[in-house]
Structures are given as C-alpha cells and as structure tokens.
Amino acid sequence: MIAKSFARIAVIGFGYWGSKHVRVLGTVPGVDVTVVDPDLDRLADAVSHYPTVRTASHLAAVADDLDAVVIATPPSTHHALAAEALAAGLHVMVEKPLATSVSEAESLVEAAESAGLTLMVGHTFEYNPAVRRLRDIVRSGVLGRILYIDAARLNLGIYQRDVNVIWDLAPHDISIASYVLDAMPISTAVWAWRNVGRGHPDVAYLRLDFPDTHAFIHVSWLNPEKVRRITIVGERQMVVYDDLSDNERIRIYDIGVDPDVTDSEPATGNMPMSYRTGDITSPYLPFSEPLMVEDQHFVQCLRGEAVPDTPGRRGLDVVRVLEATDRALATGSATWVGDDRGVLPGGPGVLDEPDLRRIPAQERRSLPRRSARW
Ligand SMILES: NC(=O)c1ccc[n+]([C@@H]2O[C@H](COP(=O)([O-])OP(=O)(O)OC[C@H]3O[C@@H](n4cnc5c(N)ncnc54)[C@H](O)[C@@H]3O)[C@@H](O)[C@H]2O)c1
C-alpha cells in the first residue's frame, strides 16, 4: 500500500494501448506518470503529447522513484517485465494476456503474493458498464437457462508478431464469457487457420465448454468489417451486446422457440415448433470509459482502498484457457482446460454423451484417448 494522496506510476510501452493508459492516468488526481519504452521515437511522441511526463528507455533507470507500473508491451515481454517490477517492490498491472504460458503466469502470481504486492490484469471489458449490465441480466434469470453464447471479434486487424489471433483477441471474449457466467470453461476445441503471410493463424473459431453451457468465439484479423458482438441465447429471452453501437449497445429480445409437445409427431413436413416474439428493449447505460474505470480502480488498489476486481489469478485463469487452445490446435482435438489433460470422448461434435459435467476427475483420466477431431 502507498500513501493515499500520491502514486508514481510508469506505463511501460507507449504504443497503441499504452498511450491510452498514459492519457487516462494523467487525469487521475495525485498520479505522477512516467513513460518507459526502448524506442526513442515513442518517447519523443509521448513528450509531445504529454509534456509533463518523465521518460526512460528502461525500467531499472526509474524503478527507485516508482510505486507501480502498467505494462502495455507485446505479450511475450509481459512476464520478464512484470517479474522485474515485482522484484523491485512495485505494484503491477499487466495488459491482457497476463503472460504467454501458465507457468509464467503462475510465477507472477506467486511472486506478487509472496511479496504482498498488487498484481492486476487488464481485462478491460470487465470494467465496461455494458458487460457489467450483461452479467446482471444473466444473473437476474430473465433469459432463462443459457443455451449458448456467441462472440465475434473481427476486423482488418493488426497482425501480431509474437502471438496468434487467439492470444491477441480471445482474452477479451474468454474474460467476458466467464465473467457473465461466473464460471470457467472445462474444455475447449479450436479451429484456426493462417491465411496471409508466414506468421500465426489469423482467423480462429473456439468452442468453450462451460459447466452448464457453451460459448463459441470467432476472432479474426482478416475481416472486411469491424465486429465486436456478443449474443447470449437463453431459453426464454436473448440478448445482443454490440460494443460498436452508439446508443443501443445492449438489446434484449423477448423471443424464443419451443418444441410443440404433441402425442403424435407428423413424420414429414416442418418440425412442430412454436415461436414466441415480443418486445425488443434496450437498457440505458451510463457512459464511462472502461479504461478510465480500470485505471482508477488500480490506483484505488495501490492506495489500499480496494482489491483488484481482476487480480493476477484471474489473468492466470484466462491464460490456462489460452494455453489449452494451443493444445487443442496442435492435436486437432478438444482439450481439457485444467491440468487434468485428455481428449473429449465421442466423435466430432459430440458433447452431450456422456455429459462432461458428470464425469468425476479420476474417471476422466481413464477415458479412452479417442480423437475427437473438429
Ligand atoms: N485491454 C485492451 O483492450 C487492449 C487493447 C489493445 C492492446 N492491448 C494489449 O496491450 C499490449 C500492447 O499492445 P499495443 O497494441 O499497444 O502494442 P504496440 O506494438 O502498439 O506497442 C507496444 C509498445 O511496447 C514497446 N516495447 C516493446 N518491448 C518493450 C520492452 N521490453 N520494454 C518496454 N517497452 C517495450 C514498443 O516499443 C511499443 O512502443 C498488448 O499486451 C495487447 O494485448 C490491450
């Protein structure tokens, strides 16, 4: 914990996202901002936009004059920078993903806990008023049983050098889905493809198997339109969250389909279903910039006024899912998210038989290792 009135925070990495942290932190009362980046042009850019910031080309040069850092550098650098900051006794917020492997993420969580320092992960959408409302809607039960979630995060995006499109974009959707459902996925299956260049896959589809439902996530750097949409399909109602909508970011559809239960089903013709249609409503959402909410929260944590809503352990949970997507991609098989590794029983697309939720851990280990390719 630091003195209540003042916090000296360095933003490490003045790129696309780090520059936003600098803007936001600069408006938080009592926060003194330093920018750290080895790229001198970036430092010059930082000073031209924010003349009062201090700059440094590496953390060690300024660590003694800091209380905390925000790490907004490429994911492959997160672990080393966060470990260095924690070793220097600094509180740390790391952009998503927390690290690029479970072992790295675990070591950061352990280092922060043993040093009594704050470790927070920048799951920005968990600070987004629309996502918080989405969770309230799911919790209220108005949607009924959640049948599935569909997420699309698409754009003609920036191809990353050090991670594939899943590690770049899906942390947001894994964080949103697990936040609104208040559960982590048990297993995952992945289809991904590299279409352009010689780097990483640029388009991917994920299936996340939660204890009571599934989420299907489509992420792409190669799409003509920008899409940021989450659809939650419930048995009674459905909801669409469109992050790009100006005034109706959440729309609740009082709509659904029920099977007609009759004694004798016709052998031919359409399936006997009854369709319900009703109002489409859009709740009022007060505007607050998610990054502002997140950074203000981090400062509150530094001052001992709060504990992180997205602590290092939350970042570790999401990294576990991401690492499982690597295994699923490498094997072409659905893969357990936890340590209890194996492949799902059943053939392609078979999820419900046997019902995963009812398989005790020790039995899962002895399941036949039949490939379930997707
Ligand atoms: N939460 C969100 O919504 C969100 C949005 C975009 C990006 N991000 C995350 O922010 C991070 C940065 O992404 P970006 O798009 O700003 O990248 P970027 O490439 O635009 O910027 C990265 C910056 O880090 C600097 N850098 C590289 N290695 C460094 C090191 N070892 N020490 C100090 N600085 C170093 C680079 O010079 C560059 O200025 C990534 O982890 C990304 O996933 C989060």
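Author: In helix 4, V102, A105, E106, V109 and E113 meet G312, R313, L316, V319, R320 and E323 of helix 8. Contact here means heavy atoms within 4.5 Å. Helices are DSSP runs (H or I, at least four residues), numbered from the N terminus. The model is predicted: local features need pLDDT of at least 70, side-chain atom pairs count only at pLDDT 80 or more, and totals for chains, interfaces and linings use all residues. Residues are numbered from 1 along each chain as its sequence is written, and side-chain values use heavy atoms, with hydrogens and water left out.

Reader: At what angle do the axes of helix 4 and helix 8 cross?

Author: Roughly 170°, and the axes come within 9 Å. Axes are lines fitted to C-alpha atoms, for helices over the stretch in contact, with angles from 0 to 180 degrees between N-to-C directions. That makes helix 4 roughly antiparallel to helix 8 (over 145 degrees).

Reader: New topic. Which residues come nearest to the ligand?

Author: W17, D37, R42, K96 and T124, of the 21 residues around the ligand. Being around it takes a heavy atom within 4 Å.

Reader: Which helices each supply at least two residues of that shell?

Author: Helix 1 (16-25) and helix 3 (78-87).

Reader: How far is a ligand nitrogen from an N or O atom in the T124 side chain?

Author: 2.6 Å. For the E95 side chain, a ligand nitrogen is 3.0 Å from an N or O atom. In H78, a side-chain N or O atom is 3.0 Å from a ligand oxygen. The cut-off for such a polar contact is a pair of N or O atoms within 3.5 Å.

Notes. Parallel < 35°, antiparallel > 145°, perpendicular 65-115°, else oblique. Polar contact = N/O pair within 3.5 Å; in protein donor to acceptor, adjacent residues only side chain to side chain.
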